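Student: I have a structure open and would like to learn how to read it. Could you take me through it step by step?

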Amino acid sequence: MSWNLDPGEPVGFPWKKLFLIVFVAGLCFALGAGAGIVLLAKFGDFPPIESAAAYRPSVTSKIFDRNNLVVGEIYLEKWNVVLFKAIP
């Protein structure tokens, strides 16, 4: 029993569908790569990685009383410096 409903269509590999899929995938890849290149050209002015190693965040100044208890803190930004291993 033949399941081919159109007698004019030969049974075989669907080359036209494969070509269409490859063409659409290639077009999407080319458009995505082009958009990436445009964005990199527009926003690609990144600082060098060495500047991250030289970064020193501002620290908090703590005010202690005579019993060595913290009574106040002075800061522009409150940062808590932790080791990388301490981050869960």
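Student: Which helices and strands make up the secondary structure of the protein?

Tutor: Helices (H or I, at least four residues) and strands (E, at least two) are DSSP runs, numbered from the N terminus. Here there are 2 helices and 2 strands, and along the sequence they follow the pattern α-α-β-β. Keep in mind that this is a predicted model, where local features need pLDDT of at least 70 and side-chain atom pairs count only at pLDDT 80 or more, while totals for chains, interfaces and linings use all residues. Residues are numbered from 1 along each chain as its sequence is written, and side-chain values use heavy atoms, with hydrogens and water left out.

Student: How many residues does α1 have, and what does it reach from its first C-alpha to its last?

Tutor: The expected span of a helix is 1.5 Å times one less than its number of residues. α1 has 29 residues and reaches 41 Å, close to the expected 42 Å.

Student: What is the count of buried residues in α1?

Tutor: Buried means under 20% relative accessible area, exposed over 50%, and partly exposed in between (1.4 Å probe, protein chains only). In α1 the count of buried residues is 0, so the helix is hardly covered. Across the 88 residues of the protein, 1% count as buried.

Student: How many aromatic pairs does a search of the whole structure find?

Tutor: A pair of aromatic rings is described by the distance of the centres and the angle of the planes. Rings of Phe, Tyr and Trp (its six-membered ring) pair if their centres lie within 6.5 Å; planes under 30 degrees apart count as stacked, over 60 as edge-to-face and the rest as tilted. The search finds 2 aromatic pairs. One of them joins F19 and F23, which are stacked at 6.4 Å centre to centre with 20° between the planes. Both residues lie in α1 (residues 15-43), 4 residues apart, about one turn of the helix. F19 counts as exposed because its relative accessibility is 62%.

Student: Which residue forms a salt bridge with E73?

Tutor: Side chains of opposite charge can pair when their charged atoms come close. A salt bridge is a side-chain nitrogen of Lys or Arg within 4 Å of a carboxyl oxygen of Asp or Glu. The structure holds 1: E73 pairs with K78, and their closest N and O atoms are 3.0 Å apart. At 33% relative accessibility, E73 is partly exposed.

Student: Where is N68 found?

Tutor: Look in the loop between β1 (61-64) and β2 (70-74). Phi of N68 is near 65°, a positive value in a residue other than glycine. With a relative accessible area of 58%, N68 is exposed.
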